[in-house]
Amino acid sequence: MAHEDAHQDTRGFWEQFYAEREQVWSGRPNVVLVEEVEGLAPGTALDLGCGEGADAIWLASRGWRVVAADISQAALDRAAAHAAAVGVDGRISWARHDFSRSIPPGRYDLVSAHFLHSPVDDPRDAALRAAAEAVAPAGTLLVVSHEAVPWHEHMDFPTPAEVLDSLEIDPAEWMVEQLTSRPRRTTAPDGGEVDVSDSVVRLRRSSPAS
Ligand SMILES: C[S@@+](CC[C@H](N)C(=O)[O-])C[C@H]1O[C@@H](n2cnc3c(N)ncnc32)[C@H](O)[C@@H]1O
């Protein structure tokens, strides 16, 4: 498939995904984001695959200045409306990117990618390598992925070690702060309560003096 066709397919898939329902996600920030970031001093943050913006809005409400990016304009518009409704729109820039081509430029104190999975033309590995590049010295990279999800039984999700490997980082430059499988209880698409497991990879980039 030509590159432009692949881009249109991926974008079309996600635009339709968001257009089909008024709200897809819960509107609450991801549990692991809150657990892992609560103790960090606010700075600049990049949220890759921000969807409807709940993580970016939570970060902004905690004092972070956020760039939040996604391929879907419908998701970004919805996210921006939520941010304006809760009064944090001045702290968030929304950016449309197809991560197979680009991510927002710059260096950030926190780069967060939660559930950056796609059934079409998955940009994940290249995007996560670019995400690591975008972390400022002494900054944090937080990658949270599905690991075991009952309603996606047929899909092959990476273990925390596989996520770490895919980043291709220089171990001399990074400290591994979390490399864990974290179980949680959630609501399945059919409304039932189920156990899932998230893979959590949190890394800290060394500062020039360290
Ligand atoms: C499973 S959702 C997760 C959304 C959000 N991070 C959350 O935790 O609720 C994956 C998100 O990645 C975005 N995405 C998928 N492929 C992309 C690509 N090639 N470039 C940019 N964003 C992409 C989708 O539009 C979607 O919002």
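Is Arg202 buried or exposed?

1. Arg202 is buried, at a relative accessible area of 13%. Buried here stands for under 20% relative accessible area, exposed for over 50%, and partly exposed for the range in between (1.4 Å probe, protein chains only).

2. On provenance: this is a predicted model, in which local features need pLDDT of at least 70 and side-chain atom pairs count only at pLDDT 80 or more, while totals for chains, interfaces and linings use all residues. Residues are numbered from 1 along each chain as its sequence is written, and side-chain values use heavy atoms, with hydrogens and water left out.

3. The structure holds 10 salt bridges, a salt bridge being a side-chain nitrogen of Lys or Arg within 4 Å of a carboxyl oxygen of Asp or Glu. Side chains of opposite charge can pair when their charged atoms come close.

4. Arg202 forms one of these with Glu177, and their closest N and O atoms are 2.8 Å apart. Arg202 belongs to strand β7 (residues 193-205) and Glu177 to strand β6, so the pair ties together parts that are 25 residues apart in sequence. Helices (H or I, at least four residues) and strands (E, at least two) are DSSP runs, numbered from the N terminus. Glu177 counts as partly exposed, because its relative accessibility is 30%.

5. A salt bridge also joins Arg184 and Asp198, with 2.6 Å between the closest N and O atoms. Since Arg184 lies in strand β6 and Asp198 in strand β7, this pair ties together parts that are 14 residues apart in sequence. Asp198 is buried, with a relative accessible area of 2%, whereas Arg184 is partly exposed at 23%. Salt bridges that share partners join Glu35, Glu36, Glu177, Arg182 and Arg202 into one network.

6. Arg129 forms a salt bridge with Glu168, the closest N and O atoms lying 3.8 Å apart. The pair links distant parts of the chain, 39 residues apart: Arg129 is in helix α5 (residues 124-133), and Glu168 is in the loop between α6 (160-167) and β6 (174-187). Glu168 is exposed, with a relative accessible area of 59%; Arg129 is partly exposed at 30%.

7. Asp5, Asp9, Asp121, Asp122 and Asp125 form a negative surface patch. Patches are made of residues with over 30% relative accessible area and no salt bridge, with like charges joined within 9 Å and nonpolar side chains (Val, Leu, Ile, Met, Phe, Trp, Tyr) within 5 Å. Asp9 lies in helix α1 (residues 3-19) and is partly exposed, at 43% relative accessibility.

Technical notes
Areas by Shrake-Rupley, 256 points an atom, 1.4 Å probe, with all protein chains shown as cover. Lys, Arg positive; Asp, Glu negative; His and termini not counted. Charge placed at Lys NZ, Arg CZ, Asp CG, Glu CD.
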